[in-house]
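Here is a short briefing on charged side chains. It covers a surface patch first, then salt bridges.

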Amino acid sequence: RMFHDDELEESEKFYVGQPRVLLLIYALYNTLVARSEMVCYFVIILNHMISASMITLVLPILIFLWAMLSVPRPSKRFWMTAIVYTEVAIVIKYFFQFGFFPWNKHVDYTKDKPYHPPNIIGIEKKEGYVHYDLVQLLALFFHRSILKCHGLWDEDEKGDSSSNKEDTDDELSLTGGRRDSSASLKSVNLAASVESIHVHFPEQQTAIRRKSSSSISQLSHRSSFSSHRSKRDIFKNMNRTTLSLYSLQCKLCDIKSHCGLCCFRTLQVYVPIRQFFYNLIHPDYSAVTDVYVLMFLADTVDFIIIVFGFWAFGKHSAAADITSSLSEDQVPEAFLVMVLIQFGTMVVDRALYLKKTVMGKVIFQVILVFGIHFWMFFILPGVTERKFSQNTVAQLWYFVKCVYFGLSAYQIRCGYPTRVLGNFLTKSYNYVNLFLFQGFRLVPFLTELRAVMDWVWTDTTLSLSSWICVEDIYAHIFILKCWRESEKRYPQPRGQKKKKVVKYGMGGMIIVLLICIVWFPLLFMSLIKSVAGITNKPLDVSITITLGGYQPIFTMSAQQNQLKSLDLNEFNEFLRTYRGNTAALQFLEGYAREDITRADLEGNSNSLWTISPPSREKMIQGLLDFQADFTVVLSWTIQRSCFTQLLHGHGLRHCAKADLSCSTDGVKPGDEARRSCQTLEEVYPYYIKAPSDSLAKPIKQLLTDCKWENITVSLVKNGSEEGAREWWVLNQLRKRQQTSQESLELFIFSDKVSPPSLGFLAGYGIMGLYASVVLVIGKFVREFFSGISHSIMFEELPNVDRILKLCTDIFLVRETGELELEEDLYAKLIFLYRSPETMIKWTREK
């Protein structure tokens with residue numbers, strides 16, 4: 001009770017008694033305070049995503065190459081740079097909002113041009129030009145206030161005051177020396193004196209390994225720590241010596257010469273930057289961490305964004321679909337470039353992770369930060385012809401990439417782990433890790449690519465085949481370990497039958513799954529059209545009639561207003577017509593009112609009958625020969641709406657002989673003569689089915705006694721000064737819509753089609769799905785249920801801990817550089833799998 005405080009106790013009780021909503025607000029505020037640094041980063045990146053200009057580009061680059069790489073936290077100089085830069089940017093943007101600037105007079109014309117100079121720089125006139133900059137400035141001031149509250153704002157100056165005192169004295173002596181050197185010797189060769197000064201930095205030896213948890217690694221770390229401290233002291237002394245020598249040389253030079261001043265200013269910028277990156281690559285201490293998995297996940301998300309949103313990275317491809325492009329054997333260039341670049345960066349990142357080279361990671365980070373920003377904000381807007389702020393998919397891709405940059409900076413700052421053992425999914429032995437690991441191995445070529453890359457960039461004495469053998473054994477043993485752990489967590493008492501929950505849960509699920517696989521094509525093709533099907537109405541219906549293979553006598557098309565849908569009364573009347581006709585009602589069951597279209601075709605042919613006189617004579621002779629057959633060919637063409645699909649069909653009928661010819665003698669210009677109508681019996685289909693394939697067929701179920709309709713034909717001649725013109729006129733005898741004019745009536749029943757998103761599966765058809773999906777899946781299922789007897793020796797292992805430890809030992813000695821021991825352990829593992837007796841001893845229960 002010595003340190004008991006009643007006020008603190010009352011305060012704690014008061015805080016606990018607050019409503020949950022208020023406690024949640026307190027917790028969110030405390031989280032905001034604890035992560036105010038990340039809030040500033042987020043606001044700066046968000047401002048750049050929305051504004052996307054050269055003015056806002058500077059701070060994101062400084063975040064990834066300065067702030068996030070600073071140990072232990074960004075310095076006061078960075079935050080002051082960010083604050084001052086934001087304030088200057090606000091003033092510059094405000095200054096260029098006035099209308100007297102030439103580019104502000106045509107804002108509506110230039111606001112969407114990505115390469116308009118004011119848009120690139122960020123000084124264009126627009127609404128809300130400074131909103132996000134003010135939010136950014138507010139976040140920076142908020143973070144500064146938090147640092148001041150915790151006494152961290154002036155920490156850098158206090159810690160570096162002693163170390164920088166000599167540098168400050170050198171700078172003062174340098175400036176003072178230059179100020180007093182007005183009477184210096186002008187005869188001194190400035191170029192020679194500058195060339196004589198070379199900054200020699202200590203040679204960088206191979207970076208030592210990061211500290212480990214063992215005592216030996218701790219001792220080595222202490223020695224390396226002292227070595228690095230001595231290196232750093234030497235480095236700082238060399239820097240001070242360099243500046244002192246340069247100040248001495250500048251005293252001997254003419255003060256009016258600007259060359260020495262420029263060189264000194266260059267060294268003032270170059271030396272701190274080099275010192276910063278040298279300290280980053282050779283730190284005094286290292287809090288080793290491993291965030292490669294998170295970086296890989298970020299790259300995977302970016303890869304998925306590219307695949308499903310590739311149209312945002314190319315020109316004139318806003319309405320493109322990757323599945324349709326690949327189905328047409330066309331690979332978009334933008335898609336190919338982005339995928340290859342993304343995949344290439346993932347491979348390089350994996351190589352750097354395996355080699356554990358911080359210097360390479362720093363170089364890769366610098367190249368990637370500048371390259372990505374240059375591509376996204378200077379090249380991509382020109383390729384897509386739209387500003388980055390108007391490209392939502394590109395903004396999402398850039399944001400995920402910024403998360404990757406932050407993780408990479410954290411990895412560089414903390415250092416790579418000393419040992420990389422196995423897959424990250426094999427750290428625990430449970431169902432989640434088991435299924436995720438097996439799903440990882442099912443991805444095509446991913447396991448093989450990872451194994452080969454690990455072999456290439458890891459020091460080992462094993463051959464590639466031996467390496468893959470160890471990886472396969474380790475994966476197999478890990479799976480067995482997960483199953484054995486699950487058996488321990490959920491033990492099955494001896495002599496008791498399996499519970500119904502297990503039998504019906506697992507077994508019932510497998511039964512349902514197998515049944516669904518077997519009947520998947522039938523269910524899919526049935527449901528895809530009945531549930532998710534789209535009505536595909538015709539756009540154009542054409543009829544052509546040919547007599548005996550001669551020139552067509554009749555051609556006519558129906559479009560737009562001539563293609564009519566049935567209203568509700570007409571549809572009900574249509575159904576009542578077939579009341580009692582089982583076959584017709586069964587056929588009509590699969591069609592709704594919107595699937596039926598009535599085409600009204602004009603009876604007069606839309607083309608003149610142009611036939612040569614010899615063919616005309618042969619046609620007349622064929623019609624007069626009542627002993628021989630004479631055929632009538634009626635063909636139809638239906639153009640579908642959704643996929644601009646042409647459906648064709650034709651009917652072949654023998655007609656009774658009739659005199660369908662007439663003479664043109666005695667026809668004067670302006671007169672019209674019509675030959676008497678002749679009836680063609682059972683030649684007109686009247687009902688046409690337009691399925692999803694390319695063949696339109698007549699519907700026999702709706703015909704009376706399976707007989708086609710009768711039509712009449714007549715030849716009309718019209719005399720003119722150029723001669724007689726002839727065309728044929730057709731008329732349907734029995735029509736549902738009784739009209740006085742001569743016309744044809746045709747009913748089209750359109751099958752529903754699958755939506756475009758599932759068209760790639762529906763296009764295979766039922767037999768195609770069985771051949772390409774069911775049989776392939778069946779092959780894998782059969783391998784799971786057969787051949788088990790041949791793998792009992794390697795599957796039924798009661799305890800796999802010793803084998804798993806042997807595999808882990810191989811990974812461990814490989815990481816520590818004990819390559820001879822790696823060979824010995826690998827030989828032991830191979831002998832174990834070759835010896836059944838030894839395997840039995842090693843896998844017994846303890």
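Glu7 counts as exposed, because its relative accessibility is 66% and exposed means over 50%. The model is predicted. Glu7 sits in helix α1 (residues 6-16). The structure holds 23 salt bridges.

**Negative patch**
- Glu7 belongs to a surface patch of negative charge.
- Asp5, Asp6 and Glu10 are also part of that patch.

**A link between distant parts of the chain**
- Arg441 and Asp472 form a salt bridge through their side chains, at 3.7 Å from N to O.
- This pair joins distant parts of the chain: Arg441 lies in helix α18 (residues 431-442) and Asp472 in helix α20 (residues 464-489), 31 residues apart.
- Arg441 is partly exposed, at 32% relative accessibility.
- Asp472 is partly exposed too, with a relative accessible area of 44%.

- Arg450 and Asp454 form a salt bridge, with their closest N and O atoms 3.7 Å apart.
- Both residues lie in helix α19 (residues 446-456), 4 residues apart, or about one turn of the helix.
- Asp454 is buried, at 5% relative accessibility.
- Arg450 is also buried, with a relative accessible area of 17%.

**A salt-bridge network**
- Salt bridges link Lys564, Glu570, Arg598, Asp600 and Glu745 in a network.
- Within this group, the side chains of Arg598 and Asp600 meet in a salt bridge of 3.4 Å, N to O.
- Arg598 is buried, with a relative accessible area of 7%.
- Asp600 counts as partly exposed, at 23% relative accessibility.

Terms used:
Residues numbered from 1 in each chain as written. Predicted model: local features only at pLDDT ≥ 70, side-chain atom pairs only at ≥ 80, totals over all residues. Heavy atoms only, no water. Patch = residues over 30% accessible without salt bridge, like charges linked within 9 Å, V, L, I, M, F, W, Y side chains within 5 Å. Areas by Shrake-Rupley, 256 points an atom, 1.4 Å probe, with all protein chains shown as cover. Salt bridge = Lys/Arg side-chain N within 4 Å of Asp/Glu carboxyl O. Lys, Arg positive; Asp, Glu negative; His and termini not counted. Charge placed at Lys NZ, Arg CZ, Asp CG, Glu CD. Helix = DSSP H or I, 4+ residues; strand = E, 2+ residues; numbered from the N terminus. Buried < 20%, exposed > 50% of the residue type's maximum accessible area, 1.4 Å probe, protein only.
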